Amino acid sequence: MFMRYEGRAWEERFLPRLTSKQIREMDKEKALVILPVGAVEQHGPHLPVMTDTLIAEATLTQALDKADRDAGLWLLPPVSYGKSNEHIGMPGTISLSAATLQGVIMDIARSLVASGFHKLLLFNTHGGNTDLLNVVAREIRIETGMTVFSLSPSTLADVSDLISAEELEYGIHGGDYETSIVKAVKPGWVKDEWAVKDIPDMSDYRFLTIEGKIRFAWRTPDISESGVCGDATLASEEKGRIIQERVTDCLAQAFTELCSFSVSDVRDKKAQV
Ligand SMILES: [Zn+2]
């Protein structure tokens, strides 16, 4: 369960809660600004279209509660809309084009540099954003010199004892994993009676997968009737709570590492060996 604008993340670490004077005077040497990037898009019949942005905010709210208080972590309001054109035409989907999303994130990065910040984390909770964010991260690095990180929290913790192997492979949208998390962070926001199992059948193919090493470009209607890719009927609030505990434990530790990381060390340390 999480409350927006309540708790340490929002009271102590939410950057726009500060005044310009406070931001000017703060120590920015190791400060890490965290930009959540989510999506507003169909998530099957049972989940809110806000799911990805909701998960980003909930996860950061919980992770910042556990993180080192002195680490210099600063949370920005999320970029709530993502690149969701794979779902376009399915009601509730509001997508930015790749060029627009790239432009928005580049502009935010340029503004952060102009405010004196050096480090940015692109915190992504929508699979359809991942490829673009990796491109944008490098563009920011090249144009501004900022140190830029990108991560998707769902990749951080081992949940293989909670989520089946089939679900880990194919449950990429509105399945057990995401549904369990929404049940845990916003009880009452999931329409249990409309949860479905809808898994694409790739059993005839040896090399081709949905999100694996050899992929085909797909629109959601190509692979799913319901808009779900996975098995939402397996989801539980308890599982979601455990997943969030593990993911936020990892994040709290990772944040410390990102704050102390310096790109120049990578080469300098090697040179000393
Ligand atoms: Zn999602």
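**Terms and their cut-offs**

Tutor: Of the contacts in the chain between residues at least 6 apart in sequence, 80% join residues at least 24 apart; contact means heavy atoms within 4.5 Å. This is a predicted model, in which local features need pLDDT of at least 70 and side-chain atom pairs count only at pLDDT 80 or more, while totals for chains, interfaces and linings use all residues. Residues are numbered from 1 along each chain as its sequence is written, and side-chain values use heavy atoms, with hydrogens and water left out.

Student: How many helices and strands does the secondary structure of the chain come to?
Tutor: There are 10 helices and eight strands. Both are DSSP runs numbered from the N terminus: helices are H or I with at least four residues, strands are E with at least two.

Student: Why is the chain called as compact as a globular protein of its length?
Tutor: Its radius of gyration is 19 Å, and the globule rule gives 19 Å for 273 residues, so the chain is as compact as a globular protein of that length. The radius is taken over C-alpha atoms, and the rule is 2.2 Å times the number of residues to the power 0.38. Along the principal axes, the C-alpha atoms fill a box of roughly 55 × 40 × 40 Å.

Student: What share of the accessible surface of the chain belongs to carbon and sulfur atoms?
Tutor: That share is 52% of about 13700 Å², with areas from the Shrake-Rupley method and a 1.4 Å probe, where for residues only the protein chains shown count as cover.

Student: Why is threonine 220 called buried?
Tutor: Buried means under 20% relative accessible area, exposed over 50%, and partly exposed in between, with a 1.4 Å probe and protein chains only. Threonine 220 has 3%, so the label is buried. This residue is found in helix H8 (residues 220-223). Leaving aside neighbours within four places in sequence, threonine 220 is in contact with Gln42, Glu86, His87, Met90 and Gly227. Over the chain, buried residues make up 49% of the 273 residues.

Student: What makes tryptophan 218 partly exposed?
Tutor: Its relative accessible area is 21%, which falls between the 20% and 50% limits, so it is partly exposed. Tryptophan 218 lies in the loop between strand S7 (214-215) and H8. Not counting residues up to four places away in sequence, it touches Glu86, Ile172, Ile210, Glu211 and Ile223.

Student: And why is isoleucine 142 called exposed?
Tutor: The relative accessible area of isoleucine 142 is 64%, over the 50% limit, so exposed is the label. Isoleucine 142 sits in helix H5 (residues 130-144).

Student: How do you know that helix H7 is largely enclosed by the rest of the structure?
Tutor: In H7 (residues 176-185), 10 of the 10 residues are buried, so the helix is largely enclosed. One of these residues is Lys183, with a relative accessible area of 14%. The cover over the buried residues of H7 includes H3, helix H6 (165-170), strand S8 (230-231) and helix H9 (237-260).

Student: Lysine 183 forms a salt bridge with aspartate 192; what makes the pair one?
Tutor: A salt bridge is a side-chain nitrogen of Lys or Arg within 4 Å of a carboxyl oxygen of Asp or Glu. The closest N and O atoms of lysine 183 and aspartate 192 are 2.4 Å apart, so the pair qualifies. Aspartate 192 is partly exposed at 45%. The structure holds 16 salt bridges.

Student: How do you know that glutamate 12 and arginine 69 tie together separate parts of the sequence?
Tutor: Their closest N and O atoms are 2.9 Å apart, in a salt bridge. Glutamate 12 lies in helix H1 (residues 8-12) and arginine 69 in the loop between helix H3 (51-66) and strand S2 (73-75), so the pair ties together parts 57 residues apart in sequence. Glutamate 12 is partly exposed at 33%, and arginine 69 is partly exposed at 47%. Arg8, Glu12 and Arg69 are linked in a network of salt bridges.
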